[in-house]
Amino acid sequence: MIAQGDVFLRALGVRSQQLHPAILAQLSQPHAPEDSVHGVFETAGSRFGRLAFLARPVLGSSLLLTRFGADVPFVLTARASRTAAGRAVLETTRRFEFPGATEVISDRLVEDPEAGGLRNLLGDRRRVELILDCTVTDHGSLRMQSRHVALVLGGRRIPLRGPFGIVVSVEDGWDAEHQRRTIAMEARHPLLGTVLEYRGWYRPNDLGDAESQYE
């Protein structure tokens with residue numbers, strides 16, 4: 001997940017004014033229906049790659065990573081839209097350029113007032129669902145934390161709790177020294193620990209010279 005666009009502002013409501021000015025300005029800019037950003041993950045991947053292969057028959061692809069590496073370039077493509085009911089939607093595809101192989105994670109974020117946050121559907125089959133709470137940290141970063149995870153099969157939602165559950169946290173911030181956005185994601189299992197992570201930086205393509213004002 002990388003914060004981009006209206007879906008996050010609507011989820012935060014008035015709390016969006018607490019964001020770092022650079023992040024708020026970037027989120028508030030009108031975006032094309034499809035946009036992309038480039039960056040580098042200082043670390044990215046999973047140390048449990050074999051589990052990804054075992055899960056694919058049920059969960060599908062574009063959900064888990066099978067590799068782990070450092071200094072991994074990535075490209076994120078984002079498509080913004082709205083549902084028939086007018087709710088903000090952001091669909092993203094992340095391409096991790098590991099040495100010798102490219103791996104992909106995709107998801108669909110939907111503004112969900114009834115759930116009190118964002119509904120996040122993961123992978124090409126959208127069979128894993130997270131309900132994310134959005135908050136702002138003391139230093140103005142956007143923070144997302146999962147409070148519910150479910151497996152979606154045949155139109156049914158099966159809650160995943162205890163040893164079957166995963167807790168996901170994401171923090172999207174601002175690096176004033178290098179004038180760029182930062183991103184850190186961690187998915188933790190109660191028994192196995194961190195099963196998926198990525199941490200690094202990126203720059204939206206349309207910042208131009210205006211970014212230097214955010215010191």
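Leu 9 touches Ser 16, Leu 19, Leu 24, Leu 27 and Ser 28, leaving aside residues up to four places away in sequence. Contact here means heavy atoms within 4.5 Å. Leu 9 sits in helix H1, residues 6-12. Helices (H or I, at least four residues) and strands (E, at least two) are DSSP runs, numbered from the N terminus. Leu 9 counts as buried because its relative accessibility is 17%. Buried means under 20% relative accessible area, exposed over 50%, and partly exposed in between, with a 1.4 Å probe and protein chains only. Leu 9 and Ala 55 are 46 residues apart in sequence and 33 Å apart in space, C-alpha to C-alpha.

This is a predicted model: local features need pLDDT of at least 70, side-chain atom pairs count only at pLDDT 80 or more, and totals for chains, interfaces and linings use all residues. Residues are numbered from 1 along each chain as its sequence is written, and side-chain values use heavy atoms, without hydrogens or water.

Now the core. In soluble globular proteins, nonpolar side chains tend to be buried together. The largest nonpolar core here has 48 residues. Such a core is a set of buried Ala, Val, Leu, Ile, Met, Phe, Trp, Tyr and Cys residues joined through side-chain atoms within 4.5 Å. Those with the most contacts inside it are Phe 8, Leu 19, Phe 41, Phe 96, Leu 118 and Met 144. Beyond four places in sequence, Phe 96 touches residues including Phe 41, Leu 65, Val 72, Ile 105 and Tyr 198.

Asp 71 has a positive phi of about 55° although it is not a glycine. Asp 71 lies in strand E2, residues 68-82. Gln 179 also has a positive phi, near 55°, and is a residue other than glycine. Gln 179 is found in the loop between E9 and strand E10 (180-189). Is each side chain buried or exposed? Asp 71 is exposed, because its relative accessible area is 57%. Gln 179 counts as buried, because its relative accessibility is 10%.

How far can the model be trusted? pLDDT is the predictor's confidence in each residue, from 0 to 100. The chain averages 90, and 92% of the residues score at least 70. Confidence is lowest in H3, at a mean of 79, and highest in strand E9 (residues 167-175), at 97. Over residues 207-211 pLDDT stays under 50, and the model has four contacts beyond four places in sequence for them.
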